[in-house]
Amino acid sequence: MIASPQQSYLTPDEYLQLEDASNIKHEYIDGQVFAMAGASDPHVTIALNIATLLRSHVRGSGCRVYIADMKARIESLNRFYYPDVMVTCDPRDRETSTYKCFPSLIVEVLSDSTEAFDRGDKFVDYQELESLREYVLINTKRQRVECFRRNEQGLWVLQSYTPQQTTFRLDSIGFESTLEALYEDVTFTTSQ
């Protein structure tokens, strides 16, 4: 995320109007907008792979899969983010065409520039979404999926998946797949 030069306060409605007219995406935090950085080949490939797998899984169920161009709104915190992938099964999300408020699953594909934010403040912000059951972080440098699940006590419990497990599971939508399918066509780089 990169700070944008226009740093005057915007209301959520002003932000949504700005996004409609903008040729680049911005996330919105408390009236400030932040330009989104570009993504690497592994990042885009992984996001497409998981979105494709999830779309096939939820087809006909009433759930919808959204990719990087759909905003998640956290109204209680005055935030809009662009998750890499999100799934919502809540009919209330059909009422808004440019953002969703009730996702059950959010997936972020990690990159060097966003990893700390995705693991830290953004995850804390996403926890405000009462509908959210799982938050998934997918590594682009090696095969590793970290799945945070909200348990019945409201606590977030981590389950990690590595090549030793070969498969991973997303309980929020009853989905299971292989790490091989998730990382299909991904070439890992060792550059730092």
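Where in the chain is D185 found?

## Position and exposure of D185

In this predicted model, D185 is found in the segment after α5, the helix that spans residues 179-182. The residue is exposed, because its relative accessible area of 64% falls in the range over 50%.

The backbone of D185 has a positive phi of about 70°, although the residue is not a glycine. Most residues other than glycine have a negative phi.

T166 counts as partly exposed, with 47% relative accessibility.

## Helix α2

Helix α2 covers residues 41-58 and includes R55; A51 also has its place in this helix. A51 counts as buried, because its relative accessibility of 7% is under 20%. R55, by contrast, is partly exposed, with a relative accessible area of 36%.

Between A51 and D84 there are 33 residues of separation in sequence, while their C-alpha atoms are 8.8 Å apart in space.

## A positive surface patch

R55 also belongs to a patch of positive charge on the surface, where it gathers with R59, R64 and R94.

## Annotated domain

An unreviewed UniProt entry lists residues 13-177 as "domain: Putative restriction endonuclease". In the model, this span is 23% helix and 34% strand.

Terms used: Residues are numbered from 1 along each chain as its sequence is written. This is a predicted model: local features need pLDDT of at least 70, side-chain atom pairs count only at pLDDT 80 or more; totals for chains, interfaces and linings use all residues. Side-chain values use heavy atoms; hydrogens and water are left out. Patches are made of residues with over 30% relative accessible area and no salt bridge: like charges are joined within 9 Å, nonpolar side chains (Val, Leu, Ile, Met, Phe, Trp, Tyr) within 5 Å. Accessible areas come from the Shrake-Rupley method with a 1.4 Å probe; for residues, only the protein chains shown count as cover. A salt bridge is a side-chain nitrogen of Lys or Arg within 4 Å of a carboxyl oxygen of Asp or Glu. Lys and Arg count as positive and Asp and Glu as negative; His and the chain ends are not counted. The place of a charge is taken as NZ of Lys, CZ of Arg, CG of Asp or CD of Glu. Helices (H or I, at least four residues) and strands (E, at least two) are DSSP runs, numbered from the N terminus. Buried means under 20% relative accessible area, exposed over 50%, partly exposed in between (1.4 Å probe, protein chains only). UniProt positions are given in the numbering used here, feature names are shortened, and annotations may be inferred rather than shown by experiment.
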